[in-house]
Amino acid sequence: MMLAKEIQIQIVTTQCKRCGKSLVKTNRSLYGMEELKAKFGDICSDCMSNEELGEMLRAQGTGILGHLRSGRGR
């Protein structure tokens, strides 16, 4: 059984690891894509390359589609 504290998603502030710009984000992925969040979560949109943006969007789309197909998105 999970405790409520373990499943809470909070809004946190941090800085872009490339330029130092202030960022606001969640402390966990909304759809369980923690690996993707770890890779891109601390990079602002100004610093992200087109290739990185494409990779992130494809992974998000695939992850969300899988989430919905499994019935967890209902």
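1. The largest nonpolar core of this predicted model has six residues: M33, L36, F40, I43, M48 and M56. A nonpolar core here is a set of buried Ala, Val, Leu, Ile, Met, Phe, Trp, Tyr and Cys residues joined through side-chain atoms within 4.5 Å. Buried means under 20% relative accessible area, exposed means over 50%, and partly exposed lies in between (1.4 Å probe, protein chains only). Leaving out residues up to four places away in sequence, M48 touches R18, F40, I43, L53 and M56; a contact is a pair of heavy atoms within 4.5 Å.

2. On the basis of the values: the model is predicted, local features need pLDDT of at least 70, side-chain atom pairs count only at pLDDT 80 or more, and totals for chains, interfaces and linings use all residues. Residues are numbered from 1 along each chain as its sequence is written, and side-chain values use heavy atoms, with hydrogens and water left out.

3. The chain has three helices and two strands, in the order α-β-β-α-α from the N terminus. Helices (H or I, at least four residues) and strands (E, at least two) are DSSP runs, numbered from the N terminus. Of the 74 residues, 20% count as buried. The accessible surface of the chain is about 5800 Å², and carbon and sulfur atoms hold 53% of that surface; areas come from the Shrake-Rupley method with a 1.4 Å probe, and for residues only the protein chains shown count as cover. Among contacts in the chain with a separation of 6 or more, 29% are between residues 24 or more positions apart.

4. Four salt bridges are counted, a salt bridge being a side-chain nitrogen of Lys or Arg within 4 Å of a carboxyl oxygen of Asp or Glu. Side chains of opposite charge can pair when their charged atoms come close. One of the four is between K21 and D46, with N to O at 2.1 Å. K21 is partly exposed because its relative accessibility is 36%; D46, at 59%, counts as exposed.

5. Another salt bridge joins D42 and K25, whose closest N and O atoms are 2.4 Å apart. D42 sits in the loop between α2 and α3 while K25 belongs to strand β2, so the pair ties together parts 17 residues apart in sequence. Both residues are partly exposed: D42 has 25% relative accessibility, and K25 has a relative accessible area of 22%.

6. K39 and E55 also form a salt bridge, with 2.6 Å between the closest N and O atoms. The pair links distant parts of the chain, as K39 is in helix α2 and E55 in helix α3, 16 residues apart. K39 is partly exposed at a relative accessible area of 44%, and E55 is partly exposed at 32%.

7. S29 is in the loop between β2 and α2 and counts as buried because its relative accessibility is 12%. The side chain of S29 reaches the backbone nitrogen of M33 at 2.9 Å, and a polar atom of that side chain lies 3.3 Å from the backbone nitrogen of G32. Polar contacts are pairs of N or O atoms within 3.5 Å; within protein, one must be able to donate a hydrogen and the other to accept it, and residues adjacent in sequence count only if both atoms are side-chain atoms. Apart from neighbours within four places in sequence, S29 is in contact with I9, E34 and K37. The C-alpha atoms of S29 and I9 are separated by 8.2 Å, and the two residues are 20 apart along the chain.

8. I9 itself is in the loop between α1 (4–7) and β1 (11–15) and is partly exposed, at 36% relative accessibility. I9, L30 and Y31 form a nonpolar surface patch with about 290 Å² of accessible area together. Patches are made of residues with over 30% relative accessible area and no salt bridge: like charges are joined within 9 Å, and nonpolar side chains (Val, Leu, Ile, Met, Phe, Trp, Tyr) within 5 Å.

9. E52, in helix α3, counts as buried because its relative accessibility is 17%. A polar atom of the E52 side chain lies 2.9 Å from the backbone nitrogen of S49. Leaving aside neighbours within four places in sequence, E52 is in contact with R18, F40 and C47.
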